[in-house]
Amino acid sequence: MASTDRRHAGVARALRPSTKVLPGQARAHNRSLVLQLLYREGPMSRADIARSTELTRVTISDLVAELIDERFVIEHGPRDESRPGKRATMIDIDRAGHQMIAVDLSGDDAFRAAVVNIGGEVVERCEVPIDGAQGPDAVAQALAVIDDARARASAPLLGIGVGSPGVIDDLGIVRVAVSLGWTDVNLRTAIAERTGLPVTVMNDVNVAVLAEHSFGQIESDDVILVRIGHGVGAGVIVGGVTFRGSRFWDGEIGHVTVGTGEGPLCRCGRSACLEAWVGVPHLTAELEHLSSETERSAFLRDAGAYLGIALAPIVRTLDLTDVVLSGPPELLGGDFLVGAHDTLLERAMVGDPDELSLRMTTLGHDNVLFGAVVLVLSGQLGVS
Ligand SMILES: [Zn+2]
């Protein structure tokens with residue numbers, strides 16, 4: 001497969017529907033249009049749906065009948081309006097009609113999963129401790145948390161979305177995930193064979209940025225999410241499309257040298273990697289030596305500045321308007337954020353500070369789970 005094909009596979013297509021629709025795809029495309037509209041605008045009458053999609057009333061009536069039959073949409077009572085005349089029946093997403101399973105394998109201690117209805121509301125949560133499991137044992141733990149979630153589901157399941165650490169290709173094969181001891185693990189197939197359901201697996205940070213774009217408070221289509229934990233990784237959406245490299249190493253910025261090579265020792269054996277400057281273990285260890293609030297504040301601002309130095313060329317090159325940080329808010333949410341923002345504004349040649357937003361995620365720990373929901377909705381219903 002050519003690299004250009006890969007780049008347009010999967011979620012990217014759903015985020016920014018392709019302009020050319022082949023005849024055989026028209027119906028699926030129109031279904032997606034209707035569902036996307038209802039997700040974005042809330043309940044609407046058939047007439048309003050026809051107007052907004054520029055499809056005929058007849059086509060909309062047929063599609064809506066089909067979607068009601070399949071329990072993807074539902075009719076509500078007439079619109080509550082005081083104006084005289086016949087009142088329209090409202091069409092809405094049938095939240096109780098289907099559920100999906102969202103899986104977050106990015107935790108340090110536990111794998112988490114949630115049963116989520118197709119309205120995006122969490123119905124059930126569960127988790128399985130990792131207990132240091134590696135290789136096949138870690139796969140077994142991942143399957144265990146999915147089994148647990150399936151047992152809790154109370155409606156037909158649309159599919160499973162998984163955010164996993166590591167370098168993951170478009171087929172859902174984990175090429176490498178050091179923390180879990182995985183090399184060339186076909187996670188998607190393992191889960192699909194176990195469950196018989198459609199499965200999408202993607203890198204956890206790429207999944208998290210999808211969540212910011214769909215569920216977070218971002219209007220922009222040009223976003224980078226930087227996740228800071230033991231390691232540092234980034235996920236990027238440019239022009240509304242998930243940015244993927246042909247080799248799937250996109251966003252792996254943790255071991256980029258920041259500065260001239262002088263700096264804290266990194267676990268990779270080199271010095272002054274971004275991860276060595278701003279990773280949670282380094283921040284926590286350094287803060288333990290600082291007693292005064294002034295020292296702690298200055299340290300965190302300096303650490304944030306290193307992130308700003310690393311991000312400035314990326315933000316400018318890709319013309320990004322939103323930078324979102326994900327990680328412990330007590331470390332990242334105050335002086336660190338200020339230091340990163342100041343440095344970024346200065347180094348990325350941003351004229352108007354309003355043109356560049358840098359803030360913490362509003363989705364907290366759930367950003368991978370919600371991104372996994374986006375994977376299922378976009379993969380199965382063509383909406384995001
Ligand atoms: Zn390193």
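Let me begin with two strands: β15 and β16 run parallel and are joined by four bridges. Helices (H or I, at least four residues) and strands (E, at least two) are DSSP runs, numbered from the N terminus. Two strands pair if DSSP finds at least two bridges between them. Within this pair, leucine 325 stands opposite methionine 360 in β16.

Before going on, some housekeeping. This is a predicted model, in which local features need pLDDT of at least 70, side-chain atom pairs count only at pLDDT 80 or more, and totals for chains, interfaces and linings use all residues. Residues are numbered from 1 along each chain as its sequence is written.

Back to the strands. β15 and β16 belong to an open sheet of five strands with mixed pairing, in the order β14-β13-β12-β15-β16. Its edge strands are β14 (241-242) and β16 (357-360), each pairing on one side only.

Now the overall layout. The chain is divided into domain 1 (3-93), domain 2 (99-209 + 367-381) and domain 3 (219-361). Those bounds come from an automatic or database domain assignment.

How far apart are the C-alpha centres of domain 2 and domain 3? The separation is 26 Å. As for contacts, 10 residues of domain 2 are in contact with 15 residues of domain 3; contact here requires that the C-beta atoms of two residues, placed from the backbone, lie within 7 Å. On the domain 2 side, the elements that give two or more residues are β8 (167-168) and α8 (204-215). The most comes from α8, with four residues. By class, this side of domain 2 has five nonpolar, two polar and three charged residues. In that count, Ala, Val, Leu, Ile, Met, Phe, Trp, Tyr, Cys and Pro are nonpolar, Asp, Glu, Lys and Arg are charged, and the others, Gly among them, are polar.

Is leucine 320 buried or exposed? Leucine 320 counts as buried because it has 21 C-beta neighbours inside 10 Å. The cut-offs are these: a residue is buried if 20 or more other C-beta atoms lie within 10 Å of its own, exposed if 12 or fewer, and partly exposed in between, with C-beta atoms placed from the backbone. Neighbours within four places in sequence aside, leucine 320 is in contact with Asp222, Val223, Ile224 and Val315. Leucine 381 is 61 residues from leucine 320 along the chain, and their C-alpha atoms are separated by 28 Å.

On to the core. A nonpolar core is a set of buried Ala, Val, Leu, Ile, Met, Phe, Trp, Tyr and Cys residues joined through C-beta atoms within 7 Å. In soluble globular proteins, nonpolar side chains tend to be buried together. The largest nonpolar core has 103 residues, of which Ala102, Val103, Ala372 and Val373 touch the most other members. Helix α14 (residues 367-381) gives the most to this core, with 10 residues. Leaving out neighbours within four places in sequence, valine 373 is in contact with Met100, Ala102, Val116, Gly120 and Gly161.

There is another open sheet, made of three strands in the order β8-β9-β10, with antiparallel pairing. Here β8 and β10 are the edge strands, each pairing on one side only. Strand β9 (residues 173-177) and strand β10 (residues 182-186) pair over four bridges. Valine 176 has threonine 183 in β10 as its bridge partner. β9 and β10 form a hairpin with four residues between them, and glycine 181 in the turn has a positive phi of about 65 degrees.

Now helix α7 (residues 187-195), whose buried residues are Leu187, Arg188 and Ile191. They are on the same side of α7, because they cover an arc of only 100 degrees around the axis, taking the directions from the helix axis to the C-beta atoms. These buried residues pack against α6 (135-152), β7 (157-164), β9, β10 and β11 (199-203). Just after α7, glycine 196 takes a positive phi of about 70 degrees.

Last, two residues other than glycine with positive phi. Glutamate 54, with phi near 60 degrees, is in the loop between α4 (46-53) and α5 (57-69). It is exposed, because 7 other C-beta atoms lie within 10 Å. Aspartate 131 has phi near 50 degrees and is found in the loop between β6 (122-129) and α6. Aspartate 131 is also exposed, with 10 other C-beta atoms within 10 Å.
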